[in-house]
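Please work through the following exercises with the sequence and the structure at hand. Each task is followed by a worked solution.

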Amino acid sequence: MSREEITRYSRHLLIPEIGMEGQRRLKNSRVLVIGAGGLGSPVLLYLAAAGVGVIGIVDFDRVDDSNLQRQVIHDITTIGQLKVDSAKAALQRLNAFVTVNTYTEQLGPESAVALFSEYDLILDCTDNFSSRYLINDACVLAGKPYVYGAVFALEGQASVFWENAPDGVGVNYRDLYPEPPPPELAPSCAVGGILGVICVSIGAAMVTEAIKLLVGLGDSLLGRLLIFDALEMTYRQTSIRKLPKRQLITTLVDYQALCGLHGNTVDNANHDPCFITPQQLHDLKNPNVVLIDIREKTEWDIVRIPTAIHMPKTPELAQYIKTHFVDGRSLVLYCKDGSRSDALLAELQQLGVKLVQQLQGGIIRWVREIDPSQPTY
């Protein structure tokens with residue numbers, strides 16, 4: 001290390017468990033971070049500050065106003081930029097000794113294993129189950145350990161997964177979640193919200209685990225799940241053990257299909273009678289149409305279509321609608337982006353309700369195309 005590096009990292013060098021040898025290991029390490037959002041922001045900043053030599057960032061998204069409440073690596077001057085570019089600039093300002101590689105392609109089964117093979121450690125900072133299963137399976141095939149983190153509303157969790165860990169103690173994400181939950185039971189932060197500072201709490205735990213793995217110190221969270229509850233301000237742990245019957249991971253699959261995601265944002269409203277576009281709904285002059293908003297009250301309070309009836313989605317909602325609204329009137333359902341209304345539409349169809357459609361793209365598309373004076377979220 002150069003004189004400047006020794007000065008920069010001197011507080012690490014004074015820790016006996018790290019010292020010069022540990023800092024050299026960080027400098028020679030290559031870490032790939034998937035996601036430059038809420039979790040990725042503190043993770044990337046502290047990896048760079050710690051002196052990790054090469055940091056890769058995977059993210060295809062762009063910085064949006066709604067990101068800035070928690071994604072602290074970005075700011076108002078980078079709104080509209082690719083997140084990887086905004087993050088790279090921030091890391092270069094923070095530490096010129098770090099090399100930053102960026103990847104703007106959406107991570108997919110065709111490229112994940114080859115990309116992961118170029119790095120020593122992977123950090124999963126994504127926010128959806130399909131990406132998590134992809135990352136897990138690619139790490140298993142590439143023989144790489146990875147640090148996992150997840151946040152939602154007022155809670156968070158973190159762990160380490162490493163199928164090929166020494167002494168046969170390895171576990172992977174499928175030992176924690178053998179099967180993905182139904183999409184309607186796995187809302188993202190865009191639907192359920194997130195207290196921004198929780199990203200820092202979990203991100204700090206993730207970077208701590210990353211440094212420990214790279215330097216070779218302490219006991220990692222391998223085989224343990226750390227769970228943070230902000231309301232109680234408690235951290236608790238639960239064990240993760242290999243399942244007696246495990247699915248052998250031999251190849252990567254279609255993870256969107258695995259997680260039951262049907263791509264309801266595809267613009268097929270003119271061809272599928274189950275869809276109605278915002279413009280079609282706006283132009284509709286039919287007093288017998290009932291517009292039903294199935295979002296949560298917090299979302300309803302932010303923005304709504306004035307003529308809608310508010311009925312938050314519950315397990316009993318489909319039966320309730322069938323009982324009270326199937327009297328010759330046509331139904332139009334909507335949520336934020338179409339994912340929840342898609343699930344409810346399927347339930348109603350199974351109950352034999354025929355005169356029902358969903359608003360394609362939900363309230364977000366309605367605001368964009370019909371009423372841009374209203375806020376989005």
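The exercises below go from the whole chain to single residues.

The model is predicted, so local features need pLDDT of at least 70 and side-chain atom pairs count only at pLDDT 80 or more, while totals for chains, interfaces and linings use all residues. Residues are numbered from 1 along each chain as its sequence is written, and side-chain values use heavy atoms, with hydrogens and water left out.

**Exercise 1. Overall form**

Determine how the radius of gyration of the protein relates to that of a compact globule.

Solution. 
- Step 1: The radius of gyration is taken over C-alpha atoms, and the globule rule is 2.2 Å times the number of residues to the power 0.38.
- Step 2: For 377 residues the rule gives a value near 21 Å; the protein has 23 Å, which agrees.
- Step 3: Along the principal axes, the C-alpha atoms fill a box of roughly 75 × 50 × 40 Å.
- Step 4: The protein contains 16 helices and 13 strands, where helices (H or I, at least four residues) and strands (E, at least two) are DSSP runs numbered from the N terminus.

**Exercise 2. Burial, contacts and charge**

State what share of the residues is buried and how far apart the mean positions of the charges are.

Solution. 
- Step 1: Buried means under 20% relative accessible area, exposed over 50%, and partly exposed in between (1.4 Å probe, protein chains only).
- Step 2: Buried residues account for 48% of the 377 residues.
- Step 3: Taking contact as heavy atoms within 4.5 Å, 68% of the contacts between residues at least 6 apart in sequence join residues at least 24 apart.
- Step 4: Lys and Arg count as positive and Asp and Glu as negative, without His and the chain ends; each charge is placed at NZ of Lys, CZ of Arg, CG of Asp or CD of Glu.
- Step 5: The mean positions of the 34 positive and 42 negative charges are 3 Å apart.

**Exercise 3. Aromatic pairs**

Describe the pair formed by F129 and Y177, and identify the aromatic cluster that includes these residues.

Solution. 
- Step 1: Rings of Phe, Tyr and Trp (its six-membered ring) pair if their centres lie within 6.5 Å; planes under 30 degrees apart count as stacked, over 60 as edge-to-face and the rest as tilted.
- Step 2: F129 and Y177 are edge-to-face, at 5.7 Å centre to centre with 90° between the planes.
- Step 3: F129 lies in helix α7 (residues 129–142) and Y177 in the loop between α8 (173–176) and α9 (189–192), so the pair ties together parts that are 48 residues apart in sequence.
- Step 4: F129 is buried at 18% relative accessible area, whereas Y177 is partly exposed at 24%.
- Step 5: Y177 also forms a tilted pair with Y173, at 5.3 Å centre to centre and 50° between the planes; Y173 is buried, with a relative accessible area of 0%.
- Step 6: One aromatic cluster is formed by F129, Y133, Y146, Y148, F161, Y173 and Y177.

**Exercise 4. Positive phi**

Locate D167 and M233, and give the phi of D167 and of M233.

Solution. 
- Step 1: Most residues other than glycine have a negative phi.
- Step 2: D167, which is not a glycine, has a positive phi of about 65°; D167 lies in the loop between β6 (155–161) and α8 and is exposed, at 77% relative accessible area.
- Step 3: M233 has a positive phi near 50°; M233 is found in the loop between β7 (224–229) and β8 (234–239) and is exposed, at 57% relative accessibility.
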